[in-house]
Amino acid sequence: MGVVLLGRGREQQVLEDAVDGCRSGAGGFVLVEAPAGMGKSALLGFARGACRQADLRVLTARAVDLEREFAFGVVRQLFEPVLARVDAPARARLLSGAAGVAATVLGAGEVSEGPPPGEFALLHGLFWLTANLCQDKPLALLADDLHWADIPSLRYLSFLQPRLSELGLLVVATTRLYEPGAPAQQLAQLAADPACVVLRPGPLGADAVGQLVRARLGETAEQGFVDACAKATSGNPLLLRELLHTLAEDKVAPVADSVPLVCKIGSRAVSGWVGARLATLDPQHLALAHALTVLGEQGLLTEAATLADISIDVALAGMNELERLDIIAVTEPKSAGEIQFVSPLLRSTVYDTIDPVHQARAHRQAAELRASQKADAEQIAAHLLRVPPAGEDWARTALFDAATLAMTRASPDSAVAYLKRMLEEPLDAQAQFETLVSLGEVAQFTSTELSISYLKRAYAQADNSVSRAKVAAILGAALFYEERNDEALDIYQTSLEALSSQPSDLRQELEAGLLDMALDDPMALDLMQHRLDELKAAPPNQTPVGRTIDCLIALRQAFALAGASDVTRRALGALSGEELYMRGMRTIFSPTRISAYCCGIFALAATDHSASLPLLDRHMREATKYGSIPDMEAALSYRGMQWLWQGALAEATADSHEAVRIIEKGFYPINVPYVRSVRVNALLEQGCLTEAGEALEGVDLSRPTRCGHWFLLHEARARLLLARHDYELALAGMIEAGERFGLTGGRNPAFCAWRSGAAECMHALGRHDEARRYASEELELARAWGAPRALGRALRVAGLVIGGREGLALLHEAVETLASSPARLEYAKALVDLGAATRRAGHATAARPYLAQGLDLATQCGAIPVVEHARRELIVTGARPRRTELTGPAALTPSEQRVVELAAQGHSNRDIAQQLFVTVKTVEVHLGSAYRKLGITRRAQLATSLAGQPA
């Protein structure tokens, strides 16, 4: 395929294999990492040729230093040209469905009214635009110089990585190593992803250097001369090319006597080559070259002429001269064509020949030029970032507008850069305070530490108690997210004390922050204990902050074992409106943020109420439309836990896996216990002990006891040890989980069933009296709570450890309690344990129905250990358990059920995928499985099959 690059055989083979894989429907991601001049762009060019030869659709982009703060700048380079080339119907098709949100950043349609989409919504929309492009033919995205890419574009590429194979998409990108200012964290995440193949082309070997030297300077080149060329350039292809170019121009003979000249010229290969050419230019043409480097590759010749203060005719002549000297490349027609430097290294070398004072002056003039043209605010701000402040109103306005525009494009990283630069301008005290607050609010979506630093400055500069309290409401939550609890408590307390006669809604916001902390921190709980009774007794407050407090109180009551009916009533009342949710979507570090909404749902889910899953689905839908990536992570975490509690293990595994991926991308590690515990427990229930252990790797469980929410992971780890029959360590883990849960006032076994876990360990260790005591304590607590899942489990474990007639009666009660509950896996366990106990009591025939029903339910849940236990027990009773897959509507998993219901309503696979936030291939897999279980072959048969009628 294509041109052969010397010394790059292995790299070319990897790229050819990736192209072949894409053509056959597999996905791929190749990242070429190397220092400047190592031939990254040449390899990308090879990939482009291979893709076109394979008839792939190819979209290209090249990141530019000047544009690294442009929101989705690389993404816009990739997609704007293809959308501009197609006609209106084709554009409408590409932007159909969820992909329509992408118009927000691509300027490819009218922006809808209402709240701007969040970052996750844009990533989701761009994903579907990519998927729509992949429908026609395999697609390759080629991106050069990611070390200068904007962070939102890198997040888009990261978002694609786990979905490549389902799209049949190939991504090939390059990045320079050791580049100052590069987004190192995001690039490292791309490279570390399992989907990524990293190529690190090294220096050219002796044979390749020799071939290049002899091809350029003659076949008679002596080996000593060749060795000197290799040493002078360290095998760097670009340096070698420029060295050979200079040697040829200077007519240096390729003999051993010329080695000193090689060393001398090699030391200035690129900069000397550029300097020598620039020195030949007319001063006006040199000014044009400088103007082009300042404007970047978005600049036009007319703009460069204006900036260089030359006529268009002189500019045309200068452009021709620069092209002749192999400095720039121009597409036709030259008067309006695209102008690019031959290589990014060459452009930066030309730029570095401008002294810093003239660089700043040129960027100021470029900003003024863009402003006079009423250009996109980010194009103006890109230049202002490179000039010192001058106290000009138009510059402040441009920076603020650019930050606002960046946020509408869901690019908080860019907005932070513009606001930071704005803060450097001379501002009065109020303007500086407002800018600091804005920075703190925007930075919360990029870096918690950065957000805290700006909010602390704003807090210190606030000139009255109300302003200070408004900052404290956000700052306290940010500190809590970073587990800096003492600082958070101090901020909340100090601000509350200063608000004794101020508006109650602001006081409530601070109290909501303390209530949120009290769910995890015993000191915060002590601080708020005196207010809890008053807040519980107060009539429902339907303001956002009032409903926030009710959500938090509902979870506090659930933790502390108030009656399930009381918790249900309060949670449903708090979650009844949209305002709380939509306000929460606008910020993360606020007491009325989205986590409060999740707390209400978490409490409701613990009651086994049927509304909790639909509320989480609404949460997912809204997070997909308007939410940030952390919003989506919260939605996935809590929904995963709900799936786990219901026994939908495949769904719990999928949601927790996606949430773990988000956290691994650097978002809010405070949620690690929720996400990881769901993943560990879901894997354990499926019998995947090795994978469950891997899910705990790298997690530091030695957290201070004030980090109460870590009880979830301690319990999960203890259950893993129990499954491995390491009973002593498992028992210690259960007890520690209980201690951590208890420190925050937690007593409810619906959240942490540590007593029944400890009872199972003690029973296995022969400590039967202690086991009965622990099991009885949990049963008493579960009866007080009253919800079936927690009560059924407590009854089941108590029945097992107590044994005898009393134990059998408890197992019967467990089955009756769970029969109508949504906790299908817990019901399956109760049935199997009852069947086994009945069989041990000498009633094999009576045991079989329990065991068979439990086997069917466990199979449906995917709970392999329970399935195997049921099979063994059935065999002992003399039965022959079937091994065929369950059939009929009852055999469908929750995900299959949701897919087939939408399909039966007439929705296409693509519509279903967009509604459920999955890929089309996932929908196809669910439908295929559902068809087998329902015994049908066509979509038209779904409606009658689901109704239980013959197809």
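Student: Why is A870 called buried?

Tutor: Good place to start! In this predicted model, A870 has a relative accessibility of 0%. Buried means under 20%, so A870 counts as buried. You will find A870 in helix α46.

Student: What does A870 touch, not counting residues up to four places away in sequence?

Tutor: A870 touches V832, L851 and L855. Contact means heavy atoms within 4.5 Å, so each of those residues passes that test with A870. There is also D833, which is 37 residues apart from A870 along the chain. The C-alpha atoms of A870 and D833 are separated by 8.5 Å.

Student: Now E33, please. Why does E33 count as buried?

Tutor: The relative accessibility of E33 is 10%. The cut-off for buried is under 20%, so E33 counts as buried. Its place is in strand β1, residues 28-34.

Student: What makes the link between the side chains of E33 and R200 a polar contact?

Tutor: Their distance is 3.0 Å. A polar contact needs a pair of N or O atoms within 3.5 Å, one able to donate a hydrogen and the other to accept it, so this pair qualifies.

Student: Which residues have the most contacts inside the largest nonpolar core?

Tutor: They are F751 and W785, in a core of 160 residues. Helix α25, residues 465-481, gives the largest share of this core, ten residues. Apart from it lies another core, of 91 residues, with V75 and L123 among them.

Student: How do you know that W785 is in contact with residues beyond its neighbours in sequence?

Tutor: Neighbours within four places are left aside, and W785 still has contacts with residues including A558, L561, N748 and A790. The test is heavy atoms within 4.5 Å, so these pairs meet it.

Student: What is the volume of the second largest pocket, and which residues are closest to its centre?

Tutor: The volume is about 1,400 Å³. Of the 45 residues that line this pocket, the closest to its centre are E685, R719, E760, R796 and K829.

Student: Why are those five counted as charged?

Tutor: Glu, Arg and Lys all count as charged, so E685, R719, E760, R796 and K829 belong to that class. The whole lining divides into 25 nonpolar, seven polar and 13 charged residues.

Student: Which helix supplies the largest share of that lining?

Tutor: That is α44, with seven residues. Several others each supply at least two, including α34, α36 and α46.

Conventions:
Residues are numbered from 1 along each chain as its sequence is written. This is a predicted model: local features need pLDDT of at least 70, side-chain atom pairs count only at pLDDT 80 or more; totals for chains, interfaces and linings use all residues. Side-chain values use heavy atoms; hydrogens and water are left out. On a 1 Å grid over the protein atoms alone, a cavity is a set of points where a 1.4 Å probe fits but cannot get out, and a pocket is an open set with protein on both sides within 12 Å along at least five of seven lines; lining residues have an atom within 4 Å of a point. Grid points are joined across faces, edges and corners, and a volume is the space filled by probe spheres set on the points. Helices (H or I, at least four residues) and strands (E, at least two) are DSSP runs, numbered from the N terminus. A nonpolar core is a set of buried Ala, Val, Leu, Ile, Met, Phe, Trp, Tyr and Cys residues joined through side-chain atoms within 4.5 Å. Buried means under 20% relative accessible area, exposed over 50%, partly exposed in between (1.4 Å probe, protein chains only).
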